[in-house]
Amino acid sequence: MSVSELSASAQNHLKVIWGLQEWSDDPVLPSTIAEKSGLRPSSVSGAISKLVERGLVEHEPYGAVHLTDAGRRLALDMVRRHRLIETFLVRALGYGWDEVHDEAEELEHAVSDLMVERLDAFLGHPRRDPHGDPIPAVDGSVQQPRAERLSTVAPGRYVVERISDDDPDLLRFFADNGIELDVELVVGEGPAYSGAITVGVGGGAPLPLGRAAAEAVRVSSLD
């Protein structure tokens with residue numbers, strides 16, 4: 001089965017399920033799928049039942065949702081489409097990294113499998129999208145970077161590996177302050193009891209980051 005044979009709703013649900021477990025070990029529940037996708041829980045329950053019937057997910061009542069091998073392959077096909085489109089929009093059409101998510105959400109359902117492969121070749125087979133999320137290969141393999149949440153690391157020197165694209169305003173804030181992929185950060189402790197940290201970017205003055213901002217960034221150590 002090709003992902004092109006699925007409805008847009010099925011495509012979206014498979015992609016959301018994969019995305020929820022990509023950077024987290026928390027169980028993927030129907031309620032978290034509904035929250036992530038902005039749909040009513042009843043709509044999500046109906047969609048999951050249909051995916052179970054097609055052998056694409058497994059779900060026990062009140063339990064977590066798991067992709068089957070077939071569901072994982074199709075989910076990765078959708079993730080591949082989405083991230084290649086985002087990369088194309090930034091590299092070829094001059095979009096900002098804060099502008100591409102919604103555009104890719106629309107376009108990913110319209111492109112053919114052939115166009116996806118042509119985009120991949122045109123872009124030189126990129127390994128990650130503009131936010132640092134790995135682009136699955138055509139065989140379904142994923143090269144996940146070793147990266148920790150910025151909010152959890154000790155003071156030291158780090159390089160930015162990935163920035164969540166959930167909040168366009170936050171992406172613009174990071175861009176305005178020079179925080180982007182492959183940038184070196186010098187992480188320090190924030191004021192006592194503040195829950196904040198400080199990051200030095202390119203030798204500039206330490207910039208305080210609250211927990212929400214620090215949660216959105218993943219880094220690897222340079223020390």
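Residues are numbered from 1 along each chain as its sequence is written. Because the model is predicted, local features need pLDDT of at least 70 and side-chain atom pairs count only at pLDDT 80 or more, whereas totals for chains, interfaces and linings use all residues, and side-chain values use heavy atoms, with hydrogens and water left out.

Twelve residues from domain 1 and 16 residues from domain 2 take part in the contact, defined by heavy atoms within 4.5 Å. The area buried between the two domains (accessible area for a 1.4 Å probe that two parts lose on being put together, summed over both) is about 1,200 Å², and carbon and sulfur atoms give 49% of this area. On the side of domain 1, Trp-23, Trp-97 and Asp-98 lose the most area to domain 2, together accounting for 51% of what that side buries.

Four salt bridges are counted between domain 1 and domain 2, a salt bridge being a side-chain nitrogen of Lys or Arg within 4 Å of a carboxyl oxygen of Asp or Glu. The side chains of Arg-162 and Asp-133 form a salt bridge with an N to O distance of 2.8 Å.

In the whole structure, 15 salt bridges are found. Among them, the side chains of Arg-80 and Asp-120 meet at 3.0 Å, N to O; this pair links distant parts of the chain, 40 residues apart, with Arg-80 in helix H4 (residues 69-93) and Asp-120 in helix H6 (residues 113-122), where helices are DSSP runs (H or I) of at least four residues, numbered from the N terminus.

Methods. Helix = DSSP H or I, 4+ residues; strand = E, 2+ residues; numbered from the N terminus.
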